[in-house]
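Student: Please go through this structure with me, setting each value against the definition behind its label. I would like to see how each conclusion is reached.

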Amino acid sequence: MSTEDRQPPDRVARIQADWRRERPDLDVGPQGVIGRLHRLADRLTEELVLVYGRYGLGEGEFDVLCALRRAGEPYERAPGELAAHTMVTTGAMTKRIDRLERAGLVTRRRSADDQRGRIVALTDPGRALVDQAFTDHMHNERRLLDLLTPTEAETLEQLLTTWLSRLEPPTPG
């Protein structure tokens with residue numbers, strides 16, 4: 001790394017230096033990656049929720065609307081399926097669906113296949129909202145990713161994909 005490429009010590013580097021001083025017996029090297037990923041995730045979330053908020057949505061509601069929109073016509077899924085597609089518990093999903101239903105963005109009905117089951121569907125206003133919100137979300141993600149060069153972004157995506165594949169089991173479909 002050339003001297004022009006070196007960054008001044010950031011918060012993580014200062015924390016590592018403190019730990020190296022206090023606990024020289026431990027390898028604090030992993031903090032360099034894990035600490036920065038954690039901070040980056042927090043910062044990215046802050047930037048992403050700004051867009052959701054413009055549409056009166058929280059991160060969870062945005063995820064539900066996107067999961068319904070990605071389902072394709074007729075833009076509906078069972079609540080359990082939504083929970084699986086958004087990685088939250090069914091209890092948390094129920095609260096999100098309640099809020100979206102009150103806002104007129106989704107409807108619930110009995111499943112034709114199983115009268116005990118329910119189906120959640122996007123309303124026309126819900127589809128219009130998620131289409132616009134997702135468009136703005138993608139512009140925002142592009143803005144954030146453009147802080148890296150295309151080569152850096154590609155390398156980072158490959159590294160993260162590899163690391164994540166080693167941490168979590170593959171999910172079907």
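Tutor: Let us begin with the words for exposure: a residue is buried when its relative accessible area is under 20%, exposed when it is over 50%, and partly exposed in between, with a 1.4 Å probe and protein chains only as cover. The model is predicted, so local features are taken at pLDDT of at least 70 and side-chain atom pairs at pLDDT 80 or more, while totals for chains, interfaces and linings use all residues. Residues are numbered from 1 along each chain as its sequence is written, and side-chain values use heavy atoms, with hydrogens and water left out.

Student: Why is Arg-142 called partly exposed?

Tutor: The relative accessibility of Arg-142 is 47%, which lies between the cut-offs for buried and exposed, and therefore the middle class applies. Asp-146, at 48%, is also partly exposed.

Student: How many salt bridges does the rule give?

Tutor: The count comes to 15. One of them joins the side chains of Asp-10 and Arg-36, at 2.8 Å from N to O. Asp-10 lies in the segment before helix H1 (11-22) and Arg-36 in helix H2, so this pair ties together parts that are 26 residues apart in sequence. Both partners fall in the middle class, Asp-10 with a relative accessibility of 29% and Arg-36 with 33%.

Student: How far apart along the helix are Arg-43 and Glu-46?

Tutor: They are 3 residues apart in helix H2, which means a separation of about one helical turn.

Student: Which residues of H5 are buried, and why are they said to line one face?

Tutor: Met-93, Arg-96, Ile-97 and Leu-100 are the buried ones. Seen down the axis of H5, they fall within an arc of 100° and therefore line one face of the helix, the arc being that of the directions from the helix axis to the C-beta atoms. On the other side of H5, Lys-95 and Arg-102 are exposed. The buried residues pack against helices H3 (59-70) and H4 (79-86) and strands E2 (106-110) and E3 (118-122). Just after H5, Gly-104 takes a positive phi of about 80°.

Student: Is His-137 buried or exposed?

Tutor: His-137, in helix H6 (124-145), has a relative accessibility of 6% and so counts as buried. Leaving aside neighbours within four places in sequence, His-137 is in contact, meaning heavy atoms within 4.5 Å, with Leu-48, Val-51, Tyr-52 and Phe-62.

Student: What is the phi of Tyr-75, and is Tyr-75 buried or exposed?

Tutor: Tyr-75 has a positive phi of about 60° although it is not a glycine, and at a relative accessible area of 11% it is therefore buried. Tyr-75 lies in the loop between H3 and E1. Pro-74 is found in that loop too, E1 being residues 76-77, and a cis peptide bond joins Glu-73 and Pro-74, with omega about 10°.

Student: What makes a nonpolar patch, and which helix gives the most to it?

Tutor: Patch residues have over 30% relative accessible area and no salt bridge, and nonpolar side chains (Val, Leu, Ile, Met, Phe, Trp, Tyr) are joined within 5 Å, whereas like charges are joined within 9 Å. Ile-34 is among the members, and its 46% makes it partly exposed. Helix H7 gives the most, with 5 residues, while H2 (30-54) and H7 (150-167) each supply at least two. The patch has about 750 Å² of accessible area together, computed by the Shrake-Rupley method with a 1.4 Å probe, and for residues only the protein chains shown count as cover.

Definitions and conventions: A salt bridge is a side-chain nitrogen of Lys or Arg within 4 Å of a carboxyl oxygen of Asp or Glu. Helices (H or I, at least four residues) and strands (E, at least two) are DSSP runs, numbered from the N terminus.
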